[in-house]
Amino acid sequence: MSITNKLSIVVREQLPEFIRADYDTFVAFVEAYYEYLEQTNKATDFGRNLLNYFDVDDTLTDFEEYFRRKFLQSIPAETLANKAFLVKHIREFWRAKGTEKAYRFLFRALYGEEIEIFYPKDNILRLSAGKWVERQSIRFLPDFYHLATGNGSTKVFRLFEIASTSNLEVYVNDVLQTSNCTTANGYTISPNDPIVTFNTAPANNSIIKLNYTSSDIVEDISRTDGTQVVFSFTGETSGATAVSENAEEIIVGLLNVNEIFVSNISKGVSFIQGENITGKYFYEGTNYLTLYFKSLSVLKDINVVSGGASYNIGDAVPIVGGSPESPASAIINEVYSALISRILIIRTGAGFKVGGDVVITTTPNIGLVMAISTVDSTGSVHPNTINVNSDIISLYEGKTITDSDYGFPATVIPTGENSATRIVDALSYASITGLGPISNVTVLSSTFEFASLPTLNAVGPTLSFSTSNTSNGSATGNTSIVTLGILGKINVANGGSNYTVGDELNFTTPVGGSGWGAYARVASLHTSNNGIKTVQFAPPRITGRANVTASGVTIVGTGTAFNTELHIGDKIEISNQTRFINAISSATSANVNVQWTATTSNASIGRTNQVHYFDKSRFTV
């Protein structure tokens, strides 16, 4: 650093005159000495510029090392940065220690390099913080085609892409054409341009089908050099629309499949698996081809709705439906077993009673106890009361044929029974009530895991009773309803018109056949046309028709067989009037216990203790 106001230039004037005159050499020496002291790093320079050397920009080289040791202890001496600059800004550096700017400054100062900084927070997976994009695609079979229409003069037709005879089939009106240039119906495919040329122009309105058995369509759609092929797809059945984005070839089962990823999918409308899809491809301005694709239906999941029973791991599962290009197959990889906890009634049957047993009829028949818990005993489906015979043979085992009175209860034939009495007239009856179709079955106990579903059977009710004879003999017994199969509810498919409540329904079952004797009548009508609305079962009818007179007790039959179809004590119904048979005179004449209240002609006769129903209940577990 230079010194202003130097002493060396005034030394001569400060010496005495005689020295300046006689000792010029001495004067020059003194001037040179002061000039020496005034040089950089010499005593006078130090003294005169000490305050200036406190500035790191103006300090001496020797002082620079001092500043470095004082303020830059952690900074290597070989740093590439200007040390004076570091000293001046080291305070800001230490204050910013640990920040991104501090690290960037440090590496620039030490190595002259720029660095990249990554924060751990940028590489932490946060729940629901990612942007989820679900790619949607349509899978096609490799074959597709487009159509053209002949006009009788055009020979050249546009193709989707440059093709060859190895991957393009040409049809005219569904007839496969021959690829050669000599025959009239031949054609040639250009090796350099996407065109096909016919030797003879296809006839007017002829349909030309250009079918690609393989194609570069995946590559065409996936290009990124500006020549990418774009399709606008439309589902022929669903009407859904989408635009192609890119594509790839995949293998599904044994099939090579083109998977085309799409965007701009129509809202509210989805493509249907396996439907035909058209793709519109614009190739020159507004010119386009409509390509026809067959989408591929792929089995994704199998949901087990009902597991069934008796399956084993490895069993094949048949998969049907969907008209697949390649049938799907599956095997069972897991089975389970469990105790039976509920019974599902498939068909409710008829003639059952609450508390009746439900038993297993297959082997094993253990570990499951069930009972009928509810039945429909309203009588709306079938009569809820059935009369069954209650006589016990042991009470009459000592009787002889010639006895004048066998001793049957006096309520049957008050005058007594003997060899002249019909057996049917002598029998006694008891009623089983509360009958109906099964509504529910309760599992009382379940302790066994069945390997296969058991077969169940509902047991009909049994009536326990006690009876006596006129000799004061008594006995107890029971009787049960055999499997009856009572007719169920009648569904009116077509009510017709102009009916009347009470009109009879005729069942054409042959006499003696299953269901013979069943009877029903019209219960209610539609108000608009008097068509049948509901039907009600009534007691079964016997043969023939009846005529009764008010205040009388006689039934006069027409075509009847009272002597074989009725017996004393039967409860009958004629025109909604119920009575009991007291006496039977002949096939066409009988008396009842109470007078008739109305005169009726040609009416049907119902017998309430006669049952002609045949059916069973069905269950599943």
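How many residues lie between E27 and E28 in their hairpin, and which residue in the turn has a positive phi? In this predicted model, the hairpin of E27 and E28 has five residues between the strands, and Ser 551 in the turn has a positive phi of about 75°.

**The hairpin and its neighbour**

Strand E27 (residues 545-548) runs antiparallel to E28, and three bridges join them.

**A three-stranded sheet**

An open sheet is formed by three strands in the order E2-E6-E5, with antiparallel pairing. Strand E2 (156-158) and strand E5 (187-189) are at the edges and have a single partner strand each, so one side of each has no neighbour in the sheet. Neighbouring strands of this sheet are turned against each other by 20° on average, direction ignored. E5 and strand E6 (residues 195-198) run antiparallel and are joined by three bridges. Tyr 187 stands opposite Phe 198 in E6.

**Nonpolar cores**

The largest nonpolar core has 33 residues, of which Phe 160 and Phe 231 touch the most other members. Strand E1 (residues 136-149) contributes four residues, the most given to this core. A second, separate core has 16 residues, among them Ile 340, Val 358, Val 441 and Phe 450. Nonpolar side chains tend to be buried together in soluble globular proteins.

Phe 231 is located in the loop between helix H8 (217-222) and strand E8 (232-235). Phe 231 counts as buried because its relative accessibility is 0%. Its contacts beyond four places in sequence include Phe 160, Ile 217, Ala 242, Val 243 and Tyr 281. Phe 231 and Tyr 281 are 50 residues apart in sequence, yet their C-alpha atoms are 5.3 Å apart in space. For Phe 160, the contacts beyond four places in sequence include Phe 144, Tyr 212, Ile 217, Phe 231 and Tyr 281.

Ala 242 and Val 243 are also touched by Ser 263, as is Glu 245, not counting residues up to four places away in sequence. Ser 263 lies in strand E10 (residues 255-263), and its side chain makes a polar contact of 2.4 Å with the side chain of Glu 245.

**Aromatic pairs**

The count of aromatic pairs comes to 19. Two of them are set out below.

| Pair | Geometry | Centre to centre | Angle between planes |
|---|---|---|---|
| Phe 144 and Phe 160 | edge-to-face | 5.8 Å | 85° |
| Tyr 281 and Tyr 283 | tilted | 6.3 Å | 40° |

Phe 144 is in strand E1 and Phe 160 in the loop between E2 and strand E3 (168-172), so their pair ties together parts 16 residues apart in sequence. Phe 144 is buried, at a relative accessible area of 1%, and Phe 160 also counts as buried, at 4% relative accessibility. In the other pair, Tyr 281 is buried with a relative accessible area of 11%, whereas Tyr 283 counts as partly exposed at 25% relative accessibility.

Which aromatic residues form one cluster? The members are Phe 140, Phe 144, Phe 160, Tyr 212, Phe 231, Phe 233, Tyr 281, Tyr 283 and Phe 293.

Technical notes. Residues are numbered from 1 along each chain as its sequence is written. This is a predicted model: local features need pLDDT of at least 70, side-chain atom pairs count only at pLDDT 80 or more; totals for chains, interfaces and linings use all residues. Side-chain values use heavy atoms; hydrogens and water are left out. Helices (H or I, at least four residues) and strands (E, at least two) are DSSP runs, numbered from the N terminus. Buried means under 20% relative accessible area, exposed over 50%, partly exposed in between (1.4 Å probe, protein chains only). Contact means heavy atoms within 4.5 Å. Two strands pair if DSSP finds at least two bridges between them. Axes are lines fitted to C-alpha atoms, for helices over the stretch in contact, and angles run from 0 to 180 degrees between N-to-C directions. A nonpolar core is a set of buried Ala, Val, Leu, Ile, Met, Phe, Trp, Tyr and Cys residues joined through side-chain atoms within 4.5 Å. A polar contact is a pair of N or O atoms within 3.5 Å; within protein, one must be able to donate a hydrogen and the other to accept it, and residues adjacent in sequence count only if both atoms are side-chain atoms. Rings of Phe, Tyr and Trp (its six-membered ring) pair if their centres lie within 6.5 Å; planes under 30 degrees apart count as stacked, over 60 as edge-to-face and the rest as tilted.
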